[in-house]
Amino acid sequence: MKIAVVALGKIGLPLAVQFANKGHSVVGVDVNERVVQKINAAVEPFPGEAGLKELLAKTIASGNLRATTNYAEAIPDADVVVVVVPLFVNNDFVPDFGWMDQATNSIAEHLTAGTLVSYETTLPVGTTRNRWKPVLEDKSGLVEGVDFHLVFHLNVY
């Protein structure tokens with residue numbers, strides 16, 4: 001299975017590594033060139049996650065994982081796109097959608113039929129359906145539920 005993971009931070013990178021360790025072809029996208037370079041060199045960009053260093057080295061060496069800043073290298077023909085871009089809120093708990101909007105626009109520009117797009121972050125109720133579904137449809141020319149699928153997944157700990 002071809003999987004794209006958007007945002008290779010402290011949640012996205014371990015997730016990408018786990019997918020790659022299970023034999024999937026994974027391309028991670030991140031806006032930080034330094035993070036991308038470290039990952040492709042099999043260097044853990046933020047040490048401390050148990051076992052990540054070893055699995056990162058293993059999955060990079062196997063060719064199952066690579067990182068890029070270019071959405072065009074990751075999104076087209078992906079079976080699944082997992083979006084783990086953080087959503088920040090200000091002191092009044094108003095969300096700043098800037099990074100997520102940018103990621104969604106970039107995904108939509110390269111989205112192909114048959115893809116499942118999964119948002120895995122904390123979002124206000126209805127955001128996926130009311131904010132990002134229209135963007136994905138408008139920019140890609142595809143129809144959700146017909147040409148691609150869209151889900152929101154919240155991890156509760």
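How many positive and how many negative side chains does the protein have, and how far apart do the centres of the two sets lie? The protein has 12 positive and 17 negative side chains, with the two centres 6 Å apart. Lys and Arg count as positive and Asp and Glu as negative, while His and the chain ends are not counted; the place of a charge is NZ of Lys, CZ of Arg, CG of Asp or CD of Glu.

The model is predicted, so that local features need pLDDT of at least 70 and side-chain atom pairs count only at pLDDT 80 or more, whereas totals for chains, interfaces and linings use all residues. Residues are numbered from 1 along each chain as its sequence is written, and side-chain values use heavy atoms, with hydrogens and water left out.

The protein contains five helices and eight strands. Helices (H or I, at least four residues) and strands (E, at least two) are DSSP runs, numbered from the N terminus. Along the sequence their order is β-α-β-α-α-β-β-β-β-α-β-α-β. The C-alpha trace spans about 40 × 40 × 30 Å along its principal axes. The radius of gyration is 15 Å, which agrees with the value near 15 Å for a compact globule of 157 residues; this radius is taken over C-alpha atoms, and the globule rule is 2.2 Å times the number of residues to the power 0.38.

Of the 157 residues, 40% count as buried. Buried means under 20% relative accessible area, exposed over 50%, and partly exposed in between (1.4 Å probe, protein chains only). The protein exposes about 8200 Å², and carbon and sulfur atoms supply 54% of this area. Accessible areas come from the Shrake-Rupley method with a 1.4 Å probe; for residues, only the protein chains shown count as cover.

In soluble globular proteins, nonpolar side chains tend to be buried together. The largest nonpolar core here has 47 residues, and those with the most contacts inside it are V81, I107, V117, Y119 and L136. A nonpolar core is a set of buried Ala, Val, Leu, Ile, Met, Phe, Trp, Tyr and Cys residues joined through side-chain atoms within 4.5 Å. Not counting residues up to four places away in sequence, V81 touches A4, V6, I75, I107, T115, L116, V117 and S118. Contact means heavy atoms within 4.5 Å. Among contacts between residues at least 6 apart in sequence, 69% join residues at least 24 apart.

S106 lies in helix α4 (residues 98-110) and counts as buried because its relative accessibility is 16%. S106 and N70, 36 residues apart in sequence, have C-alpha atoms 9.1 Å apart. V135, in helix α5 (residues 127-140), is partly exposed at 23% relative accessibility. Beyond its neighbours within four places in sequence, V135 is in contact with T104, N105, A108 and S140.

E73 is in the loop between β3 (65-68) and β4 (80-83) and is partly exposed at 36% relative accessibility. Leaving aside residues up to four places away in sequence, E73 touches V27, R66 and T68. Most residues other than glycine have a negative phi. A7, in the loop between β1 (2-6) and α1 (12-21), has a positive phi of about 95° and is buried at 13% relative accessibility. A42, in the loop between α2 (33-40) and α3 (52-62), has a positive phi of about 65° and is partly exposed, with a relative accessible area of 25%.
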